[in-house]
Amino acid sequence: MDYLHWRFAFVSVVIISWSIYIIYRHRKRTGIIKNWGFRTDNFKSVVRKILPLGAISVIVFVAIGFYQNTINITWHIIPILILYPIWGIIQQFLLIAITAGNMQDLKGQSLNKWSIILFSAFLFAAVHYPFVWLIVGTFVLALFYGFIYLSERNIYALGLFHGWLGGVFYYTVLNRDPFFEMFGKLFGLPK
């Protein structure tokens with residue numbers, strides 16, 4: 001995705017493919033959707049748990065951005081804050097529901113909650129290689145999200161915050177414009 005600059009194609013195919021899988025599994029097994037965390041009954045309580053870390057994270061991102069002189073906020077952040085949560089939900093589904101959730105649900109498994117959370121956090125950080133700030137940021141986020149998910153199981157709240165925090169992180173800490181990276185070359189937009 002990053003080396004071939006096929007971000008739009010990659011993200012689109014992944015979102016569509018996994019959405020089809022989720023719908024298929026939902027039709028085959030009753031209750032799987034709620035078990036994975038696609039639920040709204042506890043959305044508000046999960047948001048209340050995530051909100052303090054989210055607010056602190058934004059403050060830290062802006063502080064790092066000022067320190068590094070990497071703040072690059074343009075109007076492009078608006079569509080990213082709207083669209084990136086969709087990608088965030090899919091990423092949380094893959095990392096949290098499929099990885100951590102399935103490890104927690106294994107019959108006869110001997111892993112404790114913290115082992116599952118650490119494994120998932122290392123995995124999520126590893127897929128963001130070679131970008132050091134992304135590795136660090138996703139590791140910390142995955143530790144917190146893993147704990148919340150294994151207690152509450154709500155993918156929507158985690159994906160929403162993943163998208164918002166990720167968007168702010170790109171425009172402040174990384175000095176990158178994910179809107180341009182995603183749509184710029186596709187539509188020939190000026191930088």
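Trainee: Which residues have the most contacts inside the largest nonpolar core?
Mentor: Trp 36, Phe 38 and Tyr 145 have the most contacts inside the largest nonpolar core, which has 50 residues. The elements that give two or more residues to this core are helix 1, helix 2 (32–36), helix 3 (43–68), helix 4, helix 5 (113–126), helix 6 (132–152), helix 7 (155–172) and helix 8 (178–187). Helix 4 supplies the largest share, twelve residues.

Trainee: What counts as a nonpolar core, and what does buried mean?
Mentor: A nonpolar core is a set of buried Ala, Val, Leu, Ile, Met, Phe, Trp, Tyr and Cys residues joined through side-chain atoms within 4.5 Å. Buried means under 20% relative accessible area, exposed means over 50%, and partly exposed is in between (1.4 Å probe, protein chains only). Helices (H or I, at least four residues) and strands (E, at least two) are DSSP runs, numbered from the N terminus.

Trainee: What should I know about the model itself?
Mentor: This is a predicted model, in which local features need pLDDT of at least 70 and side-chain atom pairs count only at pLDDT 80 or more, while totals for chains, interfaces and linings use all residues. Residues are numbered from 1 along each chain as its sequence is written, and side-chain values use heavy atoms, with hydrogens and water left out.

Trainee: Changing topic: how do helix 1 and helix 4 cross?
Mentor: The axes of helix 1 (residues 7–28) and helix 4 (residues 77–105) come within 10 Å and cross at roughly 60°. The two helices, helix 1 and helix 4, are therefore oblique to each other. Their crossing is left-handed. On the helix 1 side the contact is made by Phe 10, Val 11, Val 14, Ile 15, Trp 18, Ser 19, Tyr 21 and Ile 22, and on the helix 4 side by Ile 86, Trp 87, Ile 90, Phe 93 and Leu 94. By class, this contact of helix 1 with helix 4 has twelve nonpolar, one polar and no charged residues.

Trainee: What do the terms in that answer mean?
Mentor: Axes are lines fitted to C-alpha atoms, for helices over the stretch in contact, and angles run from 0 to 180 degrees between N-to-C directions. Angles under 35 degrees count as roughly parallel, over 145 as roughly antiparallel, 65 to 115 as roughly perpendicular and the rest as oblique. A crossing is left-handed if the near helix is turned anticlockwise from the far one by less than a right angle, and right-handed if clockwise. Ala, Val, Leu, Ile, Met, Phe, Trp, Tyr, Cys and Pro count as nonpolar, Asp, Glu, Lys and Arg as charged, and the others, Gly among them, as polar.

Trainee: At what angle do helix 4 and helix 7 cross?
Mentor: Their axes come within 6 Å and cross at roughly 125°. Helix 4 and helix 7 are therefore oblique to each other. Helix 4 passes helix 7 in a right-handed crossing. By class, the contact of helix 4 with helix 7 has 17 nonpolar, eight polar and no charged residues.

Trainee: Another residue of helix 6, then. Is Glu 152 buried or exposed?
Mentor: Glu 152, which lies in helix 6, is buried because its relative accessible area is 17%. Apart from neighbours within four places in sequence, Glu 152 is in contact with Arg 39, Asn 42, Ser 45, Val 46 and Lys 49.

Trainee: Which bond is cis?
Mentor: The peptide bond that joins Tyr 129 and Pro 130 is cis, with omega about 15°. Pro 130 is in the loop between helix 5 and helix 6.

Trainee: Where is Asn 69, and what is its phi?
Mentor: Asn 69 lies in the loop between helix 3 and helix 4 and has a positive phi of about 60° although it is not a glycine. Asn 69 is exposed, because its relative accessible area is 69%. Arg 153 also has a positive phi, of about 55°, without being a glycine, and lies in the loop between helix 6 and helix 7. Arg 153 counts as buried because its relative accessibility is 10%.

How values were computed:
Contact means heavy atoms within 4.5 Å.
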